[in-house]
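Have the viewer open as you read.

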Amino acid sequence: MWDVFLSYSRGDVERVRPLVRALRDGGLTVFTDETGVASFAGISDTIRRELGRSKALLAYYSAAYPEREACQWELTTAYLAGLGEGDPRRRVMVVNPEPTTGHIHPVELRDARHASAHDPAALVADVREHVARLAGPMALRERGGRGRYRAPEPHPEFVGRLSELWRVHSALHAHAAPLTVGRSATRTVQIRGMAGIGKTLLADEYAVRFEAAYPGGVFRLDGRDHEGSLRACGLDGGAQPLFQYFESVGEPFLWIVDAVAPERTPWQTVAAMAAPHPLGHTVFTLRSRAYDALGTPVDLGPLDDVHARELVGGDGALAEAVGGHPLALALLGRALQAGHRAHDLSERLHARGGSLLDSLAGDDVTAAVVHDVDTADAADALRCAAALYPLPVTAEDVCRVLAAVDRVPQVVAGRRAGNGIAELRTRSLLTPVAETAHGHADGDRWSLHPVTLHAWHQHDPAPARTEALRHAALRTLCGHREPVRLALPGSRREALVSAAPSESERMAAFDIQVELVTRIGVQELAPGTGSLREALSSLKSLIDFTRGTLHTYSIRLEQGTAEGAATVQSLAYALINDTIRPFTSTWHPRLAAYEARRPADVAPLDHEPAWPEAARMRADLAALREPLRRIAEGLAEISGADFGIAAAG
């Protein structure tokens with residue numbers, strides 16, 4: 001019998017050898033595997049036998065440890081042995097040579113209190129104390145054999161999901177150790193994400209690695225045909241017979257319901273597919289986010305860059321082109337192994353016409369990605385997101401496009417845009433942009449995955465509608481986004497690309513233009529005529545009118561840049577802040593102070609001409625005419641309406 005089974009990554013062998021010597025010098029018997037376990041082969045009979053002869057597993061949990069399949073099989077086996085005794089940490093000890101604990105899975109092991117690898121004497125004392133509390137070797141759990149569904153062998157394309165794998169297990173067993181994981185649970189997990197993101201693979205891999213935790217068996221059912229899959233398993237005797245069957249089994253079992261129907265299925269119907277007995281642990285896989293109350297969600301996103309490259313044979317360009325999408329990566333990786341060139345695959349992936357992914361799969365796999373886009377609002381929101389890709393999309397963006405194309409009121413377009421964004425989000429087809437450029441969370445901007453875009457190109461039922469929305473998006477939205485700077489080939493210079501004004505901007509420019517050219521300032525105030533007070537009031541009201549017009553058309557007031565083309569925002573800013581406000585802020589208080597001294601028996605129009613500064617104010621008012629004319633001409637270029645303004649004299 002061994003006191004310790006030492007589990008470590010082969011890359012750490014030189015760091016581990018001093019620990020082995022220290023443990024043995026301290027009187028402990030230590031097993032070390034010098035041969036290793038072949039990847040994807042599960043756990044060998046030799047390793048399983050020696051684990052069964054060991055009191056505890058000591059994991060040298062370096063940063064490389066979670067990436068080695070053999071280490072994870074050894075850890076999982078010992079972990080399940082401890083779980084069978086009531087505490088998964090009973091048969092597992094951790095040595096962490098890293099400065100942080102974020103790489104350690106499951107989280108239940110992160111708070112393990114053991115001496116540092118750099119203090120062998122203290123480590124030996126801790127290990128001796130731990131194993132002294134163990135009466136005998138760990139009892140290994142056997143694979144569950146009662147289920148009608150046998151878990152498949154480990155899948156070679158399962159990469160980069162270690163944390164999610166342990167999250168599934170921790171959530172399913174949180175009731176057994178609520179203090180360790182910080183909460184209790186309902187023994188139900190829902191694995192969520194877009195089509196092809198690896199939900200089924202994660203559920204199957206969990207069944208492979210943790211089947212021993214379910215001596216009552218592993219059962220896999222089809223959420224699209226639940227009754228039919230029950231019959232296939234021989235479990236179609238009704239609710240009470242099912243309950244009685246598992247009551248007679250009397251042991252925990254795993255109940256996987258794969259590919260649950262979309263959110264249109266009533267909540268009660270989906271809930272009824274869960275394990276029919278309290279001993280069951282249920283795993284749902286589904287694209288919808290509409291069933292939060294069913295159990296703990298484990299949301300799957302794209303693979304990180306390291307694992308995406310691994311799955312696609314190291315080609316970074318292809319990994320980026322499909323955004324870390326596991327199914328697409330696996331298909332491309334197999335094609336590379338079959339002798340296809342990466343450049344050719346990239347060209348075919350982006351070509352119009354038939355989908356490369358469908359061709360490689362020998363099936364219409366892209367249809368499943370956009371299968372749930374079955375309402376007009378969701379389809380239009382997706383079309384707008386596709387038009388703007390790779391930029392994020394907002395509900396306001398979609399609202400502007402729909403209002404322009406369908407000529408509906410903003411309130412109607414806004415409701416449709418909100419519905420469409422919400423449906424796509426619920427169906428895992430849009431994901432929130434996590435951070436803005438300033439590093440702040442931004443829940444109003446949504447990103448489209450490149451595989452979703454690729455699939456939509458193949459299965460868009462109304463391409464003419466898509467083209468109309470695309471044109472409207474370019475016309476309507478670009479004026480509300482940051483200018484795009486393009487580097488000129490062979491030069492360090494940058495070109496500023498300004499978009500054509502939107503319909504809203506043209507209408508706003510026209511309204512401000514009409515108001516401006518009829519006001520005092522643009523229209524000359526002849527000497528000795530009119531009222532200076534009325535001129536000030538007119539200019540002040542023009543500020544209010546301009547702000548109100550921008551608000552009506554949902555246009556922000558923004559300062560222009562020297563190199564940028566004039567926009568209605570920049571012209572309005574120049575009108576208000578650079579032209580009118582300096583004049584009014586100078587002359588309003590002066591005129592008001594003079595007006596306050598007006599005798600009660602003198603009329604305002606008779607009092608004003610006697611003001612000593614009247615001539616100077618009239619001169620400054622006349623000087624406004626030229627800058628106001630230039631602003632009016634800029635607005636005319638945007639609105640397209642050129643009504644005459646007398647040339648400056």
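## A look around the fold

Serine 54 sits in strand β3, which covers residues 54–60; helices (H or I, at least four residues) and strands (E, at least two) are DSSP runs numbered from the N terminus. This is a predicted model, where local features need pLDDT of at least 70, side-chain atom pairs count only at pLDDT 80 or more, and totals for chains, interfaces and linings use all residues. Residues are numbered from 1 along each chain as its sequence is written, and side-chain values use heavy atoms, with hydrogens and water left out.

Serine 54 counts as buried because its relative accessibility is 0%. Here buried means under 20% relative accessible area, exposed means over 50%, and partly exposed is in between (1.4 Å probe, protein chains only). The side chain of serine 54 reaches the backbone oxygen of glutamate 50 at 2.7 Å. Leaving out residues up to four places away in sequence, serine 54 touches Trp2, Phe5, Pro137 and Met138, where contact means heavy atoms within 4.5 Å.

Strand β3 pairs with β4 in the parallel sense, over four bridges; two strands pair if DSSP finds at least two bridges between them. Alanine 59 has valine 94 in β4 as its bridge partner. In a regular strand the side chains alternate between the two faces of the sheet. In β4 (residues 92–95), Val92 and Val94 point one way, Met93 and Val95 the other way, and all are buried.

Now for the chain as a whole. It has 27 helices and 14 strands, and buried residues make up 47% of its 649 residues. Of the contacts between residues at least 6 apart in sequence, 72% join residues at least 24 apart.

Which strands make up the open sheet of five? The order is β6-β7-β8-β5-β9, with parallel pairing. At the edges stand β6 (218–222) and β9 (296–299), each with a single partner strand, so one side of each has no neighbour in the sheet. Neighbouring strands of this sheet are turned by 20 degrees against each other on average, direction ignored. Helix α5 (residues 162–172) packs on the sheet and touches β5 (188–192), β7, β8 and β9. The direction of α5 makes about 175 degrees with that of β9; axes are lines fitted to C-alpha atoms, for helices over the stretch in contact, and angles run from 0 to 180 degrees between N-to-C directions. Inside the sheet, β7 (residues 253–258) and β8 (residues 280–286) pair in the parallel sense over five bridges, and valine 257 stands opposite phenylalanine 284 in β8.

On to the rings: the structure holds 16 aromatic pairs. Rings of Phe, Tyr and Trp (its six-membered ring) pair if their centres lie within 6.5 Å; planes under 30 degrees apart count as stacked, over 60 as edge-to-face and the rest as tilted.

| Pair | Type | Centre to centre | Angle between planes |
|---|---|---|---|
| Phenylalanine 219 and phenylalanine 246 | edge-to-face | 5.3 Å | 85 degrees |
| Phenylalanine 219 and tryptophan 255 | tilted | 5.9 Å | 40 degrees |

Phenylalanine 219 lies in strand β6 and phenylalanine 246 in helix α9 (residues 239–249), so that pair ties together parts 27 residues apart in sequence. Tryptophan 255 lies in strand β7, so its pair with phenylalanine 219 ties together parts 36 residues apart in sequence. Phenylalanine 219 and phenylalanine 246 are buried, and tryptophan 255 is buried too. Elsewhere, Tyr79, Trp166, Tyr206, Phe210 and Tyr214 form one aromatic cluster.

What about the nonpolar packing? The largest nonpolar core has 97 residues, and those with the most contacts inside it are Leu57, Val168, Leu254 and Val373. Such a core is a set of buried Ala, Val, Leu, Ile, Met, Phe, Trp, Tyr and Cys residues joined through side-chain atoms within 4.5 Å. Helix α17 (residues 376–388) gives the most to this core, with nine residues. A second, separate core of 35 residues includes Leu539, Val568, Leu621 and Leu635.

Two last stops. Alanine 195 lies in the loop between β5 and α7 (199–210) and is buried, with a relative accessible area of 8%. Its C-alpha is 8.6 Å from that of serine 428, 233 residues away in sequence. Glycine 640, in the segment after α27 (625–639), counts as exposed because its relative accessibility is 66%.

Notes: A polar contact is a pair of N or O atoms within 3.5 Å; within protein, one must be able to donate a hydrogen and the other to accept it, and residues adjacent in sequence count only if both atoms are side-chain atoms.
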